[in-house]
Amino acid sequence: MKKLRKTRANQLDKFIEDRLLPDKDFRAQVNEAIHIICSFLKERCFRGASHPVRVSQVVKGGSSGKGTTPKGLSDADLVVFVASLTSFQEQLQHRRGFIKEIRRQLDACQREETFEVEFEVQKRRKKPCALSFVLRSPRLLQGVKFDVLPAFDALCEHSQPLFFFFYVSEQKSSSVQ
């Protein structure tokens, strides 16, 4: 902490980069791996399913999503938005099947793709609401644990009307001034 106290304001970014954030190469490797995994999940999940389910998008959240992952083992989320569902209740009813399919696809991704970091899908939980995997660099002793959460995409069909509503509201409020 003494070094932080002696750090000038104009050198804080450098201090954070050197002491608090993971190695630049590791961050780049994790970002590349996550890009591959997200694309894989979006393209392959639920392909051939008996009912019309698809992934509308996969969103990275937590510190890794914002690029503020600290050194060591941190965690982040990948939210898999499932389209074609009509309610949160339906998502809850099918969650176990969604997680099973996501695990199957992560296992396939692990077999079929090449990663510069170690990619390990975690053991199953008794009552899964998420699936976990870890990306780590044994050379740098750094890693990121990800929880993959299936989610109902409540805004999928309503995103344009909501945008229109906010746009109209903003226009009205700015013209009042």
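**Helix α5**

I started with the buried residues of α5 in this predicted model. I list Glu-90, Gln-91, Phe-98, Ile-99, Glu-101, Ile-102, Arg-103, Gln-105, Leu-106, Ala-108 and Cys-109 as buried. Buried means under 20% relative accessible area, exposed over 50%, and partly exposed in between, with a 1.4 Å probe and protein chains only. Helices (H or I, at least four residues) and strands (E, at least two) are DSSP runs, numbered from the N terminus.

I then looked along the helix and found a kink of about 60° centred on His-94. The bend at a residue is the angle between axes fitted to the seven residues ending there and the seven starting there. At the start of α5, I noted a side-chain oxygen of Ser-87 within 3.4 Å of the backbone nitrogen of Gln-89.

**Conventions**

I number residues from 1 along each chain as its sequence is written, and side-chain values use heavy atoms, with hydrogens and water left out. In this predicted model, local features need pLDDT of at least 70 and side-chain atom pairs count only at pLDDT 80 or more, while totals for chains, interfaces and linings use all residues.

**Core**

I looked up the largest nonpolar core, which has 36 residues. Such a core is a set of buried Ala, Val, Leu, Ile, Met, Phe, Trp, Tyr and Cys residues joined through side-chain atoms within 4.5 Å. Ile-34, Ile-37, Leu-78, Leu-106, Phe-133, Leu-135 and Phe-146 touch the most other members. I found that α3 gives the most to this core, with nine residues.

**Aromatic pairs**

I counted five aromatic pairs. Rings of Phe, Tyr and Trp (its six-membered ring) pair if their centres lie within 6.5 Å; planes under 30 degrees apart count as stacked, over 60 as edge-to-face and the rest as tilted. Phe-115 and Phe-119 are edge-to-face, at 5.1 Å centre to centre and 75° between the planes. Phe-133 and Phe-146 are stacked, at 5.2 Å and 15°. Phe-133 lies in β4 and Phe-146 in β5, so this pair ties together parts that are 13 residues apart in sequence. I see ring pairs linking Phe-115, Phe-119, Phe-133 and Phe-146 into a cluster.

**Confidence**

I checked pLDDT, the predictor's confidence in each residue, from 0 to 100. The protein chain averages 76, and 82% of the residues score at least 70. Confidence is highest in α5, at 87, and lowest in α6 (residues 159-176), at a mean of 38.

Definitions and conventions:
Polar contact = N/O pair within 3.5 Å; in protein donor to acceptor, adjacent residues only side chain to side chain.
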